[in-house]
Amino acid sequence: MYEYHLLEIMAIGFALALAFGFITHRLGLSSIVGYLFAGFLIGPFSPGFVADYNIAHQLSEAGVILLMFGVGLHFKLDDLMAVKGIAVPGAIAQSTAATICGIIAGMSLGLDLKSSIILGIGLSVAGTAVLLKVLNDNNSANTVHGHAAVGWLVVEDIFTVMVLVVLPLFPALFDAGGASAPDTFTIIKAVFLALLRIAILWALVMGVGGKLVPLILAKVAKTRSQELFTLTVLVIAFATAVTAALIFQASFALGAFLGGMVVGKSKVSHQAAADLLPLRDSFTVLFFLSVGMLFAPKYLLEYPLLIAACLIIVLVIKPLSAMIIVAVLGYSPRTALTVAAGLSQVGEFSFILAQEAKRLNLVNDAVYNVIIVCAIISISLNPSLFKRVPKYEKFLKTKKKIWRAMTSAAKKRGRACNKNQDLTNNLLPAKERLKEKTAIVVGYGPAGKDIVRALIEHNVTPVVIEMNIDTVNALSGQGEFAIYGDSTKKSILTAAGIESADYLIITVPSLTVTSDTAVLAASMNPNTRILARARFLQSKEYLKQIGVTAIAFEEEEVSKSLVSLLLDDLENQRMLAAAAEIVKDNN
């Protein structure tokens, strides 16, 4: 059978990926499902032509490098710190629970310990790309619930990177000296040497690279050559990846991740991300194609029980454990449901893990294909599961015992946070209520911070209502007036002082929160001027009818900003042309 090589792989593979990616997108599924199916069609387990897997795999490694570089590029410690109270303990507990369940399922159904561990870890990690897509599709990326889910995935990403570091040690850990497991000293020595190599790599990349890379990027940026700048970013990505693999015996993924973090700290990181995005997306498609090529349908018939058990872990145990963890940590049911829905899938990092484990001969084809099957099914179902989060919340409210259990920790934590505040009276002390103006600010994201700063500058006392309890504690520690709670609740608005507030400023993008808060506030204090943020102009009449005084539309503001930028640039060009004419005339 003739094997299609590089150009054929790219031409036929991209064409099929485009076709099936478009079809799955129109069906409301993730495009990743289409890419995997396209890979299956050019793989050895489907009729027709067969692509050269070795070449496809090498191309896919470039996709892994660019994917991990992109993760590092956008990775910010500050983003994690903002939701550390939920993301760090939650991700650790949930990943541990899912991994243990995977190990039990694997060993119960005939797998050895190594394969079961890889299976469990692979099932425990959700895909960042899938999560971000469903959050953006449901306008939840900039909500407190979305931030919690993204922070959770950041911790899981770090966990996956660490697993990739330790993965080459698995053969020694299980097979040293021909025994079933090495002695304790061998294990400690192997782990210590691996961590030492990673520490040296981290120090070199983040220390030396942290100083040199920004200088290099700044120098190249001054040439104003787009080609040279893009080439520089690619050199950094691939050089760090190859250095990590060849010299420090780490993975390509870890090296690329560290390189991305270094570039992410530079002043030109946004341009680097913009240049990298098309290349990353293209090569990531090749990665999913290569994964799909190894899918063998026969494993559906050979391992039905193992696949069923793994799907139960991904679609039932993972979301339920996440919900319980979030609820116990004292966060709202909506946050619990958002995180649970976002984590009920297996994504790109599980593929990377499975592929690396297969390369090291740690797992057989069965484990690899079980992870792929679980990924295809869970990714297909994830968008519809996420859209039903509001329905799930309404259903849970009808189950009083369950709802009470889910909200008890959040209420307790809220009372502890607001322990010095009487919820039956105005949050502000009497002397503050006598000031000329007060304003309630709902949400303390980037927009909320700017609003609070402007209010203070104009001698208006702000009171912040925020659903992120860590933010509330931080603001209270700084001497600011802040309250933890849902702005759609009467008791929370009362505590914030709505009855005497001059302004209510809603900075969150959710139309539901905005409308419910505005209606309640208008009924409690008709004299309060309500300023709100909204995404789309089509909601203007509705918001006006429910009492919103003024609205900042994201669509409109972007349009105004772009027009302003265009006019400024046209004027600058006109002035430069006029100056050039004057110089020409003088000469």
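Predicted model: local features only at pLDDT ≥ 70, side-chain atom pairs only at ≥ 80, totals over all residues.
**Entry 1**

I began with Glu571, which is partly exposed at a relative accessible area of 34%. By the cut-offs I use, buried is under 20% relative accessible area, exposed is over 50%, and partly exposed is in between (1.4 Å probe, protein chains only). Residues are numbered from 1 along each chain as its sequence is written, and side-chain values use heavy atoms, with hydrogens and water left out.

I looked up the partner of Glu571 and found Arg574, the two side chains meeting in a salt bridge of 2.6 Å, N to O. A salt bridge here is a side-chain nitrogen of Lys or Arg within 4 Å of a carboxyl oxygen of Asp or Glu. Arg574 is partly exposed too, at 48%. Both sit in helix α27 (residues 554–586), 3 residues apart, so about one helical turn separates them. Helices are DSSP runs of H or I with at least four residues, strands are runs of E with at least two, and both are numbered from the N terminus.

**Entry 2: the other salt bridges**

How many salt bridges does a search of the whole structure find? I get 3.

One of them joins Arg453 to Asp450, with the closest N and O atoms 2.8 Å apart. Both residues lie in helix α22 (residues 446–457), 3 residues apart, about one turn of the helix. Arg453 is partly exposed at 44% relative accessibility, and Asp450 is partly exposed at 46%.

Glu393 also forms one, with Arg334, the closest N and O atoms being 2.6 Å apart. Glu393 lies in helix α19 (residues 389–398) and Arg334 in α16, so this pair ties together parts 59 residues apart in sequence. I noted that Glu393 is buried at 12%, whereas Arg334 is partly exposed at 28%.

**Entry 3: helix α16**

I stayed with α16 (residues 333–343), where 10 of the 11 residues are buried, so the helix is largely enclosed by the rest of the structure. Among the buried ones are Pro333, Thr335, Leu337 and Gly342.

**Entry 4: cores**

Next I checked the nonpolar cores (sets of buried Ala, Val, Leu, Ile, Met, Phe, Trp, Tyr and Cys residues joined through side-chain atoms within 4.5 Å). The largest has 82 residues, and those touching the most other members include Met68, Leu119, Val263 and Phe351. Helix α18 (residues 365–387) gives the largest share of this core, 9 residues. A second, separate core has 43 residues, including Ala149, Leu337, Ala439 and Ala482.

**Entry 5: Thr528**

Is Thr528 buried or exposed? I found it buried, with a relative accessible area of 6%. Thr528 lies in the loop between α25 (511–524) and β7 (529–534). Its side chain makes a polar contact with the side chain of Asn525 at 2.7 Å. A polar contact is a pair of N or O atoms within 3.5 Å; within protein, one must be able to donate a hydrogen and the other to accept it, and residues adjacent in sequence count only if both atoms are side-chain atoms. The backbone oxygen of Ala501 lies 3.1 Å from a polar atom of the Thr528 side chain.

**Entry 6: the whole protein**
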